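These are notes for a colleague opening this entry for the first time. Please read the points below with the sequence and model at hand.

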Amino acid sequence: MKPTVLILLICLTLLSYAHAQTIKLDLKRLEPIQASMSIQMIGGKQVLRVLKDTTVKEVDEPTFVKVKGVNFRNGSIEVKVLSRLLKDAPEYARGFIGIAFRVNEQNSKYESIYIRPTNGRAMDQVRRNHSIQYYSYPDYKFDILRKQSPEKYESYADMELNKWITLRIEVKGAHAKLFIDRISQPPLIVNDLKLGPDASGGVALWVEVGTEGFFSDLKIIKQD
């Protein structure tokens, strides 16, 4: 291989990693939006704990912790999540936990993919089919999408409460894929992100009613 070609390949490889970030989840780097946050120890490791603000009664709302100083359009977001049910969780709680992305500055528009860990091993096949959910705020919450396009924006994957699960979302234009625990095939594919291919914005760690959510090892790779 000619030296010039080798140098070019090295430069391209370095460039592909230039936008990779490992985000330390400390409180100074994070902003809670209709949620509370704290640092706790699990298994000897510091992790981020997030709870939804109990005054927010609507579902699929911006109830998350937003990472400061991130503008994301295309690339990948990876984070480890662990979900538990709170003692006062309502009957319909499922351990909802996930990622919001392309969040605008006002937190009034964003895309999100989240999981329902209790559904992963439910003895009801319909519930299993609803283990993973995509929604887009504010116009396409889960109930609207389920009514308009049944099964299109939901899927199944094996998962449990109180277990660390690796979520990775890959985004390009109007397309997104969710991978779980480094499996080679995505359990959920979305080919029409509702905010469109050119949307960009922040990244946030999202929880819903009844969830005690924990997050660790956040990594963001931009490919703009």
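1. Among the elements of the protein chain, mean pLDDT is lowest in helix H1 (residues 3-16), at 47, and highest in E8, at 99. Here pLDDT is the predictor's confidence in each residue, from 0 to 100. Helices (H or I, at least four residues) and strands (E, at least two) are DSSP runs, numbered from the N terminus.

2. This is a predicted model, in which local features need pLDDT of at least 70 and side-chain atom pairs count only at pLDDT 80 or more, while totals for chains, interfaces and linings use all residues. Residues are numbered from 1 along each chain as its sequence is written, and side-chain values use heavy atoms, with hydrogens and water left out.

3. For the protein chain, the mean pLDDT is 93, and 92% of the residues reach 70 or more. Over residues 5-18, however, pLDDT stays under 50, and the model has two contacts (heavy atoms within 4.5 Å) beyond four places in sequence for this stretch. Where pLDDT is low, the predicted coordinates should not be read in detail.

4. Strand E15 (residues 211-222) has nine of its twelve residues buried, where buried means under 20% relative accessible area, exposed over 50% and partly exposed in between, with a 1.4 Å probe and protein chains only. Two strands pair if DSSP finds at least two bridges between them.

5. Which residue of E15 is the bridge partner of Leu48? That partner is Phe215. Ile221 in E15 stands opposite Ala20 and also opposite Ser76.

6. An open sheet of seven strands, with antiparallel pairing, runs in the order E2-E5-E14-E7-E8-E9-E10. Strand E2 (30-33) and strand E10 (154-155) are at the edges with a single partner strand each, so one side of each has no neighbour in the sheet. Within the sheet, strand E7 (residues 97-103) and strand E8 (residues 110-115) run antiparallel and are joined by five bridges; Ile97 stands opposite Ile115 in E8.

7. The largest nonpolar core has 52 residues, and Ile113, Ile115, Ile132, Ile180, Phe215 and Leu218 have the most contacts inside it. Such a core is a set of buried Ala, Val, Leu, Ile, Met, Phe, Trp, Tyr and Cys residues joined through side-chain atoms within 4.5 Å. Beyond its neighbours within four places in sequence, Ile113 has contacts that include Ile99, Phe101, Ile132, Tyr134 and Leu178.
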